[in-house]
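Please study the sequence and the three-dimensional structure shown below. The paragraphs that follow lead from the surroundings of the ligand to the protein as a whole, and then to single helices and residues.

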Amino acid sequence: MSATETFHYVIIGAGSAGCVVANRLTEDPSVSVCLLEAGPRDKNPLIHIPAGFIRMLFHPKYNYMFMGPGEANLKNRPTFVPRGKTLGGSSSINGMIYIRGHARDFDEWAELGNAGWGYDDLLPYFRKSENNENYKDDKAHGTGGPLNVKYLERPNKLNHVFLEGAAALQKRKIPDFNAGDNEGYGIFQTTTKAGRRHSVARAFIKPIENRPNLKIITDAQVSNIVLNGGRATGVAYTVFGQSHRVDARAEVIVSAGAIQSPQVLMLSGIGDPAELGKHGIEVKHALRGVGQNLQEHISAPVHFMSDRITSYGISLKAMPKIAWNALLYAFARKGLFANNIVESGGFIRTMPGLDRPDVQHIFVPTHQGKPGELLAWGHGFRITTVLLHPKSKGRIGLSSGKVGDPPVIDFRFFSDPGGEDMKALIRGIKDARRILMTPAFDKYRGVAVWPPESVQTDEQIEKFIREYSSTVFHPVGTCKMGKDDMAVVDDRLRVRGIEGLRVVDASIMPTVTTGNTNAPTIAIAEKAADMIKEDARGTQRKAA
Ligand SMILES: Cc1cc2nc3c(=O)[nH]c(=O)nc-3n(C[C@H](O)[C@H](O)[C@H](O)COP(=O)(O)OP(=O)(O)OC[C@H]3O[C@@H](n4cnc5c(N)ncnc54)[C@H](O)[C@@H]3O)c2cc1C
């Protein structure tokens, strides 16, 4: 073990949240931060090419590629759970869709007793993080922030066909998904810049990585938080099998994401005594909520083949187009490789009386070999239909007390007693089908692959969903913020009952947002950094 260094703050995980917090805390040169990341540096060029997303989804060096156990309500199929493992975390492998959610999401967090987390409280943090290339002088958007947000220059043509189809069904066209109310159909904004992915590592770390008060250690797998008399005082980690420790004078901040933050807490002896006991881990602090309240967006496709090469795809016919686009990207960072593949969509309420959309449609102009895959040989298009507000809740458990072993990820999809989750997804699938059957698609539409035409009744669609659904990679909620017994952190994101320890990442969301989860995670981290600074000032005042 090497000599122990001491910093004011030690951050576990350089993902969407960890990078933001590291940047903001080191703005003050008198504050020192150590950022520990289990993955390697983000050197692979495919991380930075937007269309490289297809490869990063299955890249074992930069992606944990977890598998959940067989899901009881999905015919015992295991769920694929990709998570980023590099600087930038999941923002370095994600689909780059920039969606904040619906204003009601955050107002609901505040109504649950979390003071300061309503939409009006979070809006300044969304704006602070953002450099929006398209919306200037706009109440909802920011310019001059670290994270570049923009519309693609040339989305695939089929996205416009999709919007024409939606319009033909009188669906609302939305000019901006990120102004509070996201109901409607339109083109998504992306976290890209000049034809490259703008991960949080590129946005928040690259420009400041040489600050003398920031130390970044990659390939550093945290094994546990060091606790001393009810206070977090440091972190133990390994780099290529070598043990190290780093001490925190002020705080340890856990930003390992919704799958691994609860795992790190449990391995440190903080969690449900029953779960810790199963793996011989000494209970340092009983907190039953750790790992509970897991929420994820389950989805199912409506997918057609196409004879045309308009969609992204690999085929002999498309080879000249692919070759031309490769050159275009190499020389000008333009063309299809500069695109993020998932470029348009919509948010709908599938029944009256809902206070916000319950289903998201993501239009994907590629052929997929099997649901969950992004690209296969051939051409086609689909609407990935996403259940936004699942009533079913799952949990993260431990598979062993050994660091490095994967956690148990048990989503428990469709386990809600009323069966509401299934009913909403069936309604969403029917609606997606209606859009793809409009005349706008007539010249592109080939054979229906999923669901096949024979699947028509609700019972048949339900059976199809159980066989072919997959997730869209938005796990949240496993260290939830709140006031009840199952809350893991309070509304300042401090772990209940332990001094000097916070969780800052997607795991603190009490309920999942209406859409993709990167932007809200970044806003959470921006707010957390301000709270950490405020609390430090309060401690200094008390000491003076
Ligand atoms: C394939 C994919 C596609 C997605 N597409 C989109 C999209 O298009 N738009 C969108 O808004 N959202 C998308 N998301 C979701 C979004 O990226 C995540 O919600 C967000 O990045 C979560 O941020 P986080 O900080 O909570 O965790 P992460 O960004 O996952 O960061 C956690 C970090 O902690 C590190 N870590 C974990 N355990 C340890 C340990 N023991 N020691 C040290 N380090 C550790 C990890 O290596 C990782 O770098 C997608 C996610 C995935 C995986």
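A residue is near a molecule or strand if its C-beta atom, placed from the backbone, lies within 6 Å of it. The structure is a predicted model, in which local features need a pLDDT of at least 70 and side-chain atom pairs count only at pLDDT 80 or more, while totals for chains, interfaces and linings use all residues. Residues are numbered from 1 along each chain, as its sequence is written.

There are 42 residues around the ligand, and of these G13, G15, G89, G95 and G257 come nearest. The elements that give two or more residues to this shell are α1 (16-25), β13 (220-228), α8 (257-267) and α13 (518-543). The largest share, 4 residues, comes from α8. Such elements are DSSP runs numbered from the N terminus: helices are runs of H or I with at least four residues, and strands are runs of E with at least two. By class, the shell around the ligand has 19 nonpolar, 19 polar and 4 charged residues. Here Ala, Val, Leu, Ile, Met, Phe, Trp, Tyr, Cys and Pro count as nonpolar, Asp, Glu, Lys and Arg as charged, and the others, Gly among them, as polar.

We turn now to the whole protein. Its secondary structure comes to 13 helices and 26 strands. The radius of gyration is 23 Å, close to the 24 Å that the globule rule gives for 544 residues, so the protein is as compact as a globular protein of that length. This radius is taken over C-alpha atoms, and the globule rule is 2.2 Å times the number of residues to the power 0.38. Along the principal axes, the C-alpha atoms fill a box of roughly 70 × 55 × 45 Å. Of the 544 residues, 53% count as buried. A residue is buried if 20 or more other C-beta atoms lie within 10 Å of its own, exposed if 12 or fewer do, and partly exposed in between, with C-beta atoms placed from the backbone. Two residues are in contact if their C-beta atoms, placed in that way, lie within 7 Å. Among the contacts in the protein with a separation of 6 or more, 70% are accounted for by residues 24 or more positions apart.

In helix α4 (residues 103-111), the residues D105, F106, E108 and W109 are buried. Why do they lie on the same side of α4? They cover an arc of only 150 degrees around the axis, which puts them on the same side of the helix; the arc is that of the directions from the helix axis to the C-beta atoms. An α-helix has 3.6 residues a turn, so residues three or four places apart point the same way. The buried residues of α4 pack against α5 (119-129). Just after α4, G113 takes a positive phi of about 105 degrees.

Helix α10 (residues 319-332) is hardly covered, for the count of buried residues among its 14 residues is 0. At 1.5 Å a residue, α10 should span 20 Å, and its end C-alpha atoms are 19 Å apart, which agrees. The expected span is 1.5 Å times one less than the number of residues in the helix. After α10 comes R333, whose phi is positive, near 50 degrees.

Some single residues complete the picture. V81, in strand β4 (residues 77-81), is buried, with 20 other C-beta atoms within 10 Å. Leaving aside neighbours within four places in sequence, V81 is in contact with F66, M67, G68, I259 and I409. E275 is found in helix α9 (residues 273-278) and counts as buried, with 21 C-beta neighbours inside 10 Å. E275 and G397 are 122 residues apart along the chain, yet their C-alpha atoms are separated by 7.1 Å.

Backbone geometry also deserves attention. K75, in the loop between β3 (66-71) and β4, has a positive phi of about 55 degrees although it is not a glycine. Is K75 buried or exposed? With 12 C-beta neighbours inside 10 Å, K75 counts as exposed. F414 lies in the loop between β23 (408-410) and α11 (420-436), and its phi is near 55 degrees, a positive value in a residue other than glycine. F414 is buried, with 23 other C-beta atoms within 10 Å. Finally, a cis peptide bond with omega of about -20 degrees joins W450 and P451; P451 is placed in the loop between β24 (448-450) and α12 (458-468).
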